[in-house]
Amino acid sequence: MRIGTSIFLLALGAVLAFAVTYEVSGVSLDLVGYILMAAGVVGLIWALLASQRSRSAETRTVRDPGTGETVTRHESHDGL
């Protein structure tokens with residue numbers, strides 16, 4: 001979930017919880033709104049943590065002593 005989706009869920013949940021007065025039988029729109037807002041908050045926290053993660057990349061180039069061939073190796077590591 002990205003930041004935009006999280007903000008959308010927050011806004012949609014707030015509208016359902018605080019602004020909609022329509023009654024649906026068997027469904028509490030207030031509760032649905034609160035659930036959507038909670039999902040938006042969790043998604044926003046996750047998206048912000050994921051955007052702060054560190055990524056490291058390493059490249060090594062070595063020459064094989066037996067054949068004289070050059071070998072290049074690329075490695076990357078995610079922090080989260």
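User: Glu 58 first. Buried, exposed or partly exposed?

Analyst: Partly exposed, because its relative accessible area is 36%. Keep in mind that this is a predicted model.

User: Which residue does the Glu 58 side chain meet in a salt bridge?

Analyst: Arg 60. The N to O distance is 2.9 Å. Arg 60 is partly exposed as well, with a relative accessible area of 42%.

User: How many salt bridges in total?

Analyst: The count is two. The other pairs Glu 75 with Arg 73. There the closest N and O atoms are 3.5 Å apart.

User: And how accessible is Glu 75?

Analyst: Its relative accessible area is 26%, so Glu 75 counts as partly exposed. Under 20% would be buried.

User: OK, confidence. What does the chain average in pLDDT?

Analyst: The mean is 87. Of the residues, 92% score at least 70.

User: Where is confidence lowest, and where highest?

Analyst: Lowest in strand 2, residues 70-78, with a mean of 79. Highest in helix 1, at 95.

User: Switching to the surface. Which residues make the nonpolar patch?

Analyst: Tyr 22, Val 24, Val 27 and Val 32. Together they make a patch of about 350 Å².

User: Where does Tyr 22 sit?

Analyst: In the loop between helix 1 (3-19) and helix 2 (29-51).

User: Why does Tyr 22 count as exposed?

Analyst: Tyr 22 has 62% relative accessibility, and the cut-off for exposed is over 50%.

Conventions:
Residues are numbered from 1 along each chain as its sequence is written. This is a predicted model: local features need pLDDT of at least 70, side-chain atom pairs count only at pLDDT 80 or more; totals for chains, interfaces and linings use all residues. Side-chain values use heavy atoms; hydrogens and water are left out. Patches are made of residues with over 30% relative accessible area and no salt bridge: like charges are joined within 9 Å, nonpolar side chains (Val, Leu, Ile, Met, Phe, Trp, Tyr) within 5 Å. Accessible areas come from the Shrake-Rupley method with a 1.4 Å probe; for residues, only the protein chains shown count as cover. A salt bridge is a side-chain nitrogen of Lys or Arg within 4 Å of a carboxyl oxygen of Asp or Glu. Helices (H or I, at least four residues) and strands (E, at least two) are DSSP runs, numbered from the N terminus. Buried means under 20% relative accessible area, exposed over 50%, partly exposed in between (1.4 Å probe, protein chains only). pLDDT is the predictor's confidence in each residue, from 0 to 100.
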